[in-house]
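Here is a short briefing on one protein chain. Keep the structure open while you read.

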Amino acid sequence: MIHLTFIAADGTPHALTAAEGDTLLAAGQAGNQPLEGTCEGQMACATCHVIVAAGDFDRLPPAGAEEEDMLDLAQGATRTSRLACQIVLTRALDGLTVRIPA
C-alpha cells in the first residue's frame, strides 16, 4: 500500500492509503477528497489540480507538455502544481503529501 496525505483547503490533513498503480485522482476520490476529475483523466480540464509538497515534488516524473498546458489554466497553480489524474502511484511515492487548493 502507498501512504498519502491530502491537505484540505482549510489545512486539515487526511491520511489515505492506495494501491500501487492507482492514480492519485482515483485514490483521492476513493478517500472522499474534493477532486472532481470531470474529464476522467483525459487532461481536458484541471479539476484534479493539486499542489505537491515541495519536498515531494522531485520524486514525481516530470509533467508532460499537455499537462503543463492544462496547469496554465488551473486557478492558483504554483511551481509544484500537478494534475492528480497524471500521477501514477508507485512505491517511490510512498508518503506523498499534496494540498487541495482553495
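A pocket here is an open set of grid points with protein on both sides within 12 Å along at least five of seven lines. The model is predicted. In this model, the largest pocket holds about 170 Å³ of space.

**Largest pocket**
- The lining includes Pro 34, Leu 35 and Glu 36.
- Ala 46, Thr 47 and His 49 also line the pocket, as do Ala 74 and Gln 75.
- Ile 100, Pro 101 and Ala 102 complete the lining.
- By type, the lining residues are seven nonpolar, three polar and one charged.

**Hairpin**
- β1 and β2 run antiparallel, joined by six bridges.
- They form a hairpin with five residues between the strands.
- Gly 11 sits in the turn and has a positive phi of about 95 degrees.
- Ile 7 has Pro 13 of β2 as its bridge partner.

**Nonpolar core**
- The largest nonpolar core has 26 residues; Leu 4, Phe 6, Leu 24 and Leu 89 touch the most other members.
- At least two residues of this core come from each of β1 (2–7), β2 (13–18), α1, β3 (49–52), α3 (65–71) and β5 (96–99).
- Beyond its neighbours within four places in sequence, Phe 6 is in contact with residues including Pro 13, Leu 16, Leu 24, Leu 35, Val 98 and Ile 100.

**Helix α1**
- Ala 26 lies in helix α1, which spans residues 24–30.
- Ala 26 counts as partly exposed because its relative accessibility is 36%, between the 20% and 50% cut-offs.
- The C-alpha atoms of Ala 26 and Ala 84 are separated by 8.3 Å, though these residues are 58 residues apart along the chain.

Technical notes: Residues numbered from 1 in each chain as written. Predicted model: local features only at pLDDT ≥ 70, side-chain atom pairs only at ≥ 80, totals over all residues. Heavy atoms only, no water. 1 Å grid on protein atoms, 1.4 Å probe; cavity = no way out; pocket = protein on both sides within 12 Å on 5 of 7 lines; lining within 4 Å. Points joined across faces, edges and corners; volume = space filled by probe spheres on them. Nonpolar A, V, L, I, M, F, W, Y, C, P; charged D, E, K, R; others polar. Helix = DSSP H or I, 4+ residues; strand = E, 2+ residues; numbered from the N terminus. Buried < 20%, exposed > 50% of the residue type's maximum accessible area, 1.4 Å probe, protein only. Core = buried A, V, L, I, M, F, W, Y, C linked by side-chain atoms within 4.5 Å. Contact = heavy atoms within 4.5 Å. Pairing = 2+ DSSP bridges.
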